[in-house]
Amino acid sequence: RHRARPSSTTAEMDWAGWALFGLVATTALTAALTAAQLAGLTRIDFPLLLGTLVTEDPDRARVVGFFLHLGAGQGFALGYTATFALLHRATWWIGALLGAVHVGIALTVLLPLLPGVHPRMASQRAGPASTAVLEPPGLFALNYGNQTPAVAAVVHIMYGVVLGLLLQPH
């Protein structure tokens, strides 16, 4: 006899996986981004950008920003986990697609809006009298180097792939 499975509109989330694998994926993204910076492929530094929201000192800002970046990565991992749960599956390619959407929104909406709220970042229209210490990212973060959009895309797609491989909705 065939027994019908109880249907559910959402799968149960893997909370332990979300907590652990969100940290793993964010650490991988940050390490790959740091490697790209050291290789001269980009000048974007997410921990510095985030940390200077809180403190002027660049060394302290990088430390504070690293933890803010980990927290943001956890928040995004929660969104990826919820999406996998709604789809009732997690795969590397769904993770990659989510990473592509994630970086697309970051490069075209979030980063260009950052000068409007960042106390230490110049705006696109800031003149020579500006005392801001950070330049604005601009559209696609191109102000941080021509290869920045590609680097950002690779590391965010990698983030999604890592989560897609490691997270499994129940």
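Let's start with Asp45, which is found in the loop between helix H1 (15–38) and H2. Helices here are DSSP runs of H or I with at least four residues, strands are runs of E with at least two, and both are numbered from the N terminus. This is a predicted model, so local features need pLDDT of at least 70 and side-chain atom pairs count only at pLDDT 80 or more, while totals for chains, interfaces and linings use all residues. Residues are numbered from 1 along each chain as its sequence is written, and side-chain values use heavy atoms, with hydrogens and water left out.

**The whole chain**

- You'll find five helices and zero strands in the chain, giving the pattern α-α-α-α-α along the sequence.
- Of the 170 residues, 40% count as buried (buried is under 20% relative accessible area, exposed is over 50%, and partly exposed is in between, using a 1.4 Å probe and protein chains only).
- Take the contacts (heavy atoms within 4.5 Å) in the chain with a separation of 6 or more: 67% of them come from residues 24 or more positions apart.

- Asp45 counts as buried because its relative accessibility is 10%.
- Leaving aside neighbours within four places in sequence, Asp45 touches Gln37 and Arg62.
- The C-alpha atoms of Asp45 and Tyr144 are 9.0 Å apart, although 99 residues separate the two along the chain.
- Gly51 sits in helix H2 (residues 46–51) and is buried, with a relative accessible area of 0%.
- Beyond its neighbours within four places in sequence, Gly51 is in contact with Ala61, Val64, Gly65 and Leu68.
- From Gly51 to His69, 18 residues along the chain, the C-alpha separation is 8.8 Å.

**Where H4 meets H5**

- The axes of helix H4 (residues 92–113) and helix H5 (residues 148–166) come within 7 Å and cross at roughly 145° (axes are lines fitted to C-alpha atoms, for helices over the stretch in contact, and angles run from 0 to 180 degrees between N-to-C directions).
- Among the residues making this contact are Trp92, Gly95 and His102 of H4, and Pro149, His156 and Tyr159 of H5.
- The contact residues divide into 12 nonpolar, six polar and no charged (Ala, Val, Leu, Ile, Met, Phe, Trp, Tyr, Cys and Pro count as nonpolar, Asp, Glu, Lys and Arg as charged, and the others, Gly among them, as polar).

**Aromatic pairs**

- A search of the whole structure turns up two aromatic pairs (rings of Phe, Tyr and Trp, using its six-membered ring, pair if their centres lie within 6.5 Å; planes under 30 degrees apart are stacked, over 60 edge-to-face, and the rest tilted).
- Phe66 and Phe67 form an edge-to-face pair, 5.3 Å centre to centre with 80° between the planes.
- Phe66 is partly exposed at 29% relative accessible area, and Phe67 counts as exposed at 55%.
- Tyr80 and Tyr159 also pair edge-to-face, at 5.2 Å centre to centre and 90° between the planes.
- Tyr80 is in helix H3 (residues 58–87) and Tyr159 in helix H5, so their pair ties together parts 79 residues apart in sequence.
- Both Tyr80 and Tyr159 are buried.

**What the UniProt record says**

- UniProt's unreviewed entry places "transmembrane region" at residues 15–42, 63–86, 92–114 and 150–167 (positions use the numbering used here, feature names are shortened, and annotations may be inferred rather than shown by experiment).
- Residues 63–86 are 100% helix and 0% strand in the model, with end C-alpha atoms 35 Å apart.
- Residues 150–167 are 94% helix and 0% strand, with end C-alpha atoms 25 Å apart.
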